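These are my notes from going through one model.

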Amino acid sequence: MDGQDRINPSAFIWALILAPLVTGLPAFAVLWVLGFAEIYLDGLSIVLGATAIATVLGAPTYLTFGTAAFVIALRRRRAHISRTGLVAGFVANLVSAPIVFVLVFIFDASEAWGMTVFIVGFGCIFAPLWGWICGALYARFTSISSFNNNNLSPPAEQKHNSEYDENHS
């Protein structure tokens, strides 16, 4: 495996964690503000509520199956990372369906099929979205030089070294 096939771990971890938060936290914040202001918009509240709840309920499946799918996808295809992430998220969601069914069955056998369809159905929307966002963030983070040092901290403001600039211009 050459250097271009390696996955940057710090960029990958940050992209993986931030992807669902990019949709979930703003949805939760808007819901909170609307609720605080006692403004109730039925359609919007349902969409925002589904987005916020999906972030919480989808996180275990996303982090387990999604991580594996994204690693495999990134190792195989680098040209369109966002589209690759979208497909990886969708596939990870479908692959997780039997596990979701077993877990739901353990807790409530009578509603196992319906709850599995509900959870995986919402996953068919959010998993590809989060995969696309993860791919876009990963592409962005790998273009930032401080992530290329493989440290796990987010990028800091770049400081230019005048000796380096003079020698490499």
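I took a disulfide to be a pair of cysteine sulfur atoms within 2.5 Å. By that cut-off I found zero disulfides in the structure.

Before going on I noted the ground rules. The model is predicted, so I used local features only at pLDDT of at least 70 and side-chain atom pairs only at pLDDT 80 or more, while totals for chains, interfaces and linings use all residues. Residues are numbered from 1 along each chain as its sequence is written, and side-chain values use heavy atoms, with hydrogens and water left out.

I called a residue buried under 20% relative accessible area, exposed over 50% and partly exposed in between, with a 1.4 Å probe and protein chains only. Cys124 is partly exposed because its relative accessible area is 29%. Cys134 counts as buried because its relative accessibility is 3%.

Which residues does Cys134 contact, leaving aside its neighbours within four places in sequence? I counted a contact when heavy atoms lie within 4.5 Å. Cys134 is in contact with Ala15, Leu16, Ala19, Tyr62 and Phe70.

**Entry: overall layout**

I took helices (H or I, at least four residues) and strands (E, at least two) as DSSP runs, numbered from the N terminus. The protein has five helices and zero strands, and its pattern along the sequence reads α-α-α-α-α. Of its 169 residues, 34% are buried. Among contacts with a separation of 6 or more, 73% are between residues 24 or more positions apart.

I also noted the surface, using Shrake-Rupley areas with a 1.4 Å probe, where for residues only the protein chains shown count as cover. The protein exposes about 10900 Å², and carbon and sulfur atoms supply 69% of that.

**Entry: the core**

I defined a nonpolar core as a set of buried Ala, Val, Leu, Ile, Met, Phe, Trp, Tyr and Cys residues joined through side-chain atoms within 4.5 Å. The largest one has 23 residues, and Phe12, Tyr62, Phe70, Cys134 and Tyr138 touch the most other members. At least two residues of this core come from each of H1 (9-36), H2 (42-76), H3 (81-107) and H4 (112-142). H4 gives the most, with seven residues.

I then followed Phe70, which sits in helix H2. Phe70 counts as buried because its relative accessibility is 4%. Not counting residues up to four places away in sequence, Phe70 touches Phe12, Leu16, Tyr62, Gly85, Ala88, Gly89, Gly131 and Cys134.

**Entry: helix H1**

H1 bends by about 35° at Leu21.

The buried residues of H1 include Phe12, Ala15, Leu16, Ala19 and Pro20. H2 and H4 are among what covers the buried residues of H1. After H1 comes Glu38, with a positive phi near 55°.

Key:
The bend at a residue is the angle between axes fitted to the seven residues ending there and the seven starting there.
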